[in-house]
Amino acid sequence: MLRALLLLVSVVAIAHAELCKPDAQNAFKVRISIKTALGDNAYAWDANEEYLFRAMVAFAMRRYSSKSTTQISNVLLCNVTDRVSFWFVVTDSSKNVTTVPGSEVEAAIRMNRNRINNAFLLSDKTLQFLKITSTLSPPVEPSTPVWIIVFGVVLCLIVAGIVFLIVSGIQKHKKKNKESTERENLEEKVEVTLENGIPCEALDLKAGHINGVFAADDERFTSL
C-alpha cells in the first residue's frame, strides 16, 4: 500500500514537472520587481508569497467561472529564480493531469488583475504576466455630467457677450454726447469774419462786446 502511494505521488510529480516548464503549453511567465516598487519597504519573496500567489490565481479562476472548482493545489509554479521570476500553469481540477486552456487563464487574470496586484502591493509594471497584456484603468467619469459643463460654458459666453454689448453701447452714447457738447461750445466762441473786406470779431451773444471808441470817449468825459 505504501509503495503504491509513493508510486502515485512520483507519477503525479513527474506529470506536474512535464506540465509546468518554460514555454510549455498554457504556461505563463511572471516577473516581479519588489525592490523597484517598494524600495526600503520591500519584502522577501519566499514560500509564503508563492502560496499567496497560487491562492490568488485559484481565486481568479473561481471568480472568472462559477463552474470552476480550481484549488490552490491546481496552480503549479516552476523555475523560480532569486530575481523573482517563475512560470506557472493551472491544472484541470477534475483530471489534474491536463492544464486549463491558456485563454481561460488569461481572461481570469485580466479580470482580477487589480486584486492580484493589490495583494502584493504591486502594479502592472512591477508584477508582469509576460504573455498577458496589461489591463487599462477604467476611464474616470467626472462627477458633473459633461452636458452640464458644456451648457455652463456656453451660458457664460452668452452673458459675457451681452455685458460687452451693453458696456459698448453706453460708451458710444457718452462719446456721442461729449462730441455734441463740444460742437455747441465751438459755435458759441468768437469767430473771425470779414465784413466789407475788413476782418472783425463776431459778437459773443452771451458775453456781449464793448466798442473801444465809445469806451475811450466815456473815460474822457468822465474825467471832466
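Val-146, Val-150, Val-154, Ile-158, Ile-162, Ile-166 and Ile-170 make up a nonpolar surface patch whose accessible area totals about 620 Å². This is a predicted model, in which local features need pLDDT of at least 70, side-chain atom pairs count only at pLDDT 80 or more, and totals for chains, interfaces and linings use all residues. Residues are numbered from 1 along each chain as its sequence is written, and side-chain values use heavy atoms, with hydrogens and water left out.

**The patch and its helix**
- Patch members have over 30% relative accessible area and no salt bridge; like charges are joined within 9 Å, and nonpolar side chains (Val, Leu, Ile, Met, Phe, Trp, Tyr) within 5 Å.
- Areas come from the Shrake-Rupley method with a 1.4 Å probe, and for residues only the protein chains shown count as cover.
- Val-146 sits in helix 6 (residues 146-188); helices (H or I, at least four residues) and strands (E, at least two) are DSSP runs, numbered from the N terminus.
- With a relative accessible area of 55%, Val-146 is exposed; that label means over 50%, buried means under 20%, and partly exposed lies in between (1.4 Å probe, protein chains only).
- An α-helix has 3.6 residues a turn, so residues three or four places apart point the same way.
- An unreviewed UniProt entry gives residues 146-170 as "transmembrane region"; such annotations may be inferred rather than shown by experiment, feature names are shortened, and positions follow the numbering used here.
- That stretch, residues 146-170, is 100% helix and 0% strand, with 37 Å between its end C-alpha atoms.

**The chain as a whole**
- Seven helices and six strands occur in the chain, in the order α-β-α-α-β-β-α-α-β-α-β-β-α.
- Of its 224 residues, 22% count as buried.
- The chain's accessible surface is about 16,700 Å², and carbon and sulfur atoms hold 60% of that.

**Helix 4**
- Gly-102, Val-105, Ala-108 and Ile-109 are buried in helix 4 (residues 102-111).
- They share one side of helix 4, because they span an arc of only 130° around the axis, taken from the directions from the axis to the C-beta atoms.
- Packing partners of these buried residues (contact: heavy atoms within 4.5 Å) include strand 1 (28-32), helix 3 (47-64) and helix 5 (113-119).

**The salt bridge**
- The structure has one salt bridge, defined as a side-chain nitrogen of Lys or Arg within 4 Å of a carboxyl oxygen of Asp or Glu.
- Arg-113 pairs with Asp-124, their closest N and O atoms lying 3.4 Å apart.
- Arg-113 is in helix 5 and Asp-124 in the loop between helix 5 and strand 4, so the pair ties together parts 11 residues apart in sequence.
- Arg-113 is buried at 1% relative accessibility, and Asp-124 is buried at 16%.
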